[in-house]
Amino acid sequence: MRNCFLIVALAAVGTALAAQPTPGLSIQTVVHEPKASEVGAHIANIQVANPFYDPLQPTGEPQFLTAYGNGKGPGDELDRVSDEFYAIGGTTTHDMAVLTNNTGTDITIDCTAFGGAPDTGGFQLLSSRPKNDPSSAPEQSSPDGAAIHLIYPFDALSVTVPNGSAVAVFVIASKWRQALDTSPREYIWTFEFLDTGATSYQVEADLLVPKVGGSNPTGCASSPDGFPHGLWVVAGGAIAAICTRRKLLKKARVRK
């Protein structure tokens, strides 16, 4: 069994750091509850201990679980592919991040950074902050200050993201408490990674606490295999779909 490399509690991350996003880097595509064929061989082969498994009192629970989730998507109410990560109370979410590189140069991510050994490094979650923070009603820095995040890099050693391309780079599993911050419902995560030359990069991504239990009229049109129509990205044997429609009505599904 392989272990994931990074555990980050947002209680430690909540303090805003002085990181500045690297121009030209973005995470505009997130695949929620991806399939084994999408996460690549490295992540697909990682198993984690099932906290509900009890050999003394068999309950039908497996001893180990996959690192990437159940592969069934987040449900009918939420987009399977979107432009933000999800924070859903009382669940463990599994989100595959696709990094877009328009920096003008190819980047090879060092997946052994921060931990020093294969699949114990590569990325870290630096900070979380509200996307909207009116001075009249300042909000807490994250939707869940006690959330625990496990980040699995897409390869044990390195992932290359050519300039002008979008490549799947990691899966993040986040365990959320039942009660999350209620307003605002949109946040920004800042991630850091190193290239193989030890240069540091930062990239920001949206985090949404979605309205669950209602219709989602802003979802992307999907093809019969479940992927939205759009550009196709191939990374390490996995395929992720980029939804090209902007969600002009995203605010409509944000619970106030």
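Modeller: The model is a predicted one. Glu38 has a relative accessibility of 2%, and it counts as buried because that value is under 20%. Its side chain makes a polar contact with the side chain of Arg80, at 2.6 Å.

Glu33 is found in the loop between strand S2 (25–32) and H2. Its phi is positive, at about 50°, although Glu33 is not a glycine. With a relative accessibility of 10%, Glu33 also falls under the 20% limit and therefore counts as buried.

Ala198 is exposed, however, because its relative accessible area of 58% is over 50%.

The wider setting may now be described. The protein chain has 2 helices and 16 strands. It comprises 256 residues, of which 49% count as buried. Among contacts with a separation of 6 or more, 75% are between residues 24 or more positions apart.

In soluble globular proteins, nonpolar side chains tend to be buried together. Here the largest nonpolar core has 46 residues, and those with the most contacts inside it include Ile27, Phe85, Leu99 and Phe193. Strand S12 supplies the largest share of this core, namely 8 residues. Phe193 illustrates how such a residue is surrounded: beyond its neighbours within four places in sequence, its contacts include Leu25, Leu99, Ile107, Ile109, Phe114 and Phe123, as well as Tyr201 and Val203.

The last feature to describe is an open space. The largest pocket has a volume of about 590 Å³. Its lining consists of 18 residues, and Val48, Pro51, Leu65, Thr92 and His94 are those that lie nearest the centre. Strands S3 (47–49), S4 (64–66), S7 (92–101), S10 (148–153) and S12 (165–175) each give two or more residues to this lining. By type, the lining residues comprise 10 nonpolar, 7 polar and 1 charged.

Notes: Residues are numbered from 1 along each chain as its sequence is written. This is a predicted model: local features need pLDDT of at least 70, side-chain atom pairs count only at pLDDT 80 or more; totals for chains, interfaces and linings use all residues. Side-chain values use heavy atoms; hydrogens and water are left out. On a 1 Å grid over the protein atoms alone, a cavity is a set of points where a 1.4 Å probe fits but cannot get out, and a pocket is an open set with protein on both sides within 12 Å along at least five of seven lines; lining residues have an atom within 4 Å of a point. Grid points are joined across faces, edges and corners, and a volume is the space filled by probe spheres set on the points. Helices (H or I, at least four residues) and strands (E, at least two) are DSSP runs, numbered from the N terminus. Ala, Val, Leu, Ile, Met, Phe, Trp, Tyr, Cys and Pro count as nonpolar, Asp, Glu, Lys and Arg as charged, and the others, Gly among them, as polar. A nonpolar core is a set of buried Ala, Val, Leu, Ile, Met, Phe, Trp, Tyr and Cys residues joined through side-chain atoms within 4.5 Å. Buried means under 20% relative accessible area, exposed over 50%, partly exposed in between (1.4 Å probe, protein chains only). Contact means heavy atoms within 4.5 Å. A polar contact is a pair of N or O atoms within 3.5 Å; within protein, one must be able to donate a hydrogen and the other to accept it, and residues adjacent in sequence count only if both atoms are side-chain atoms.
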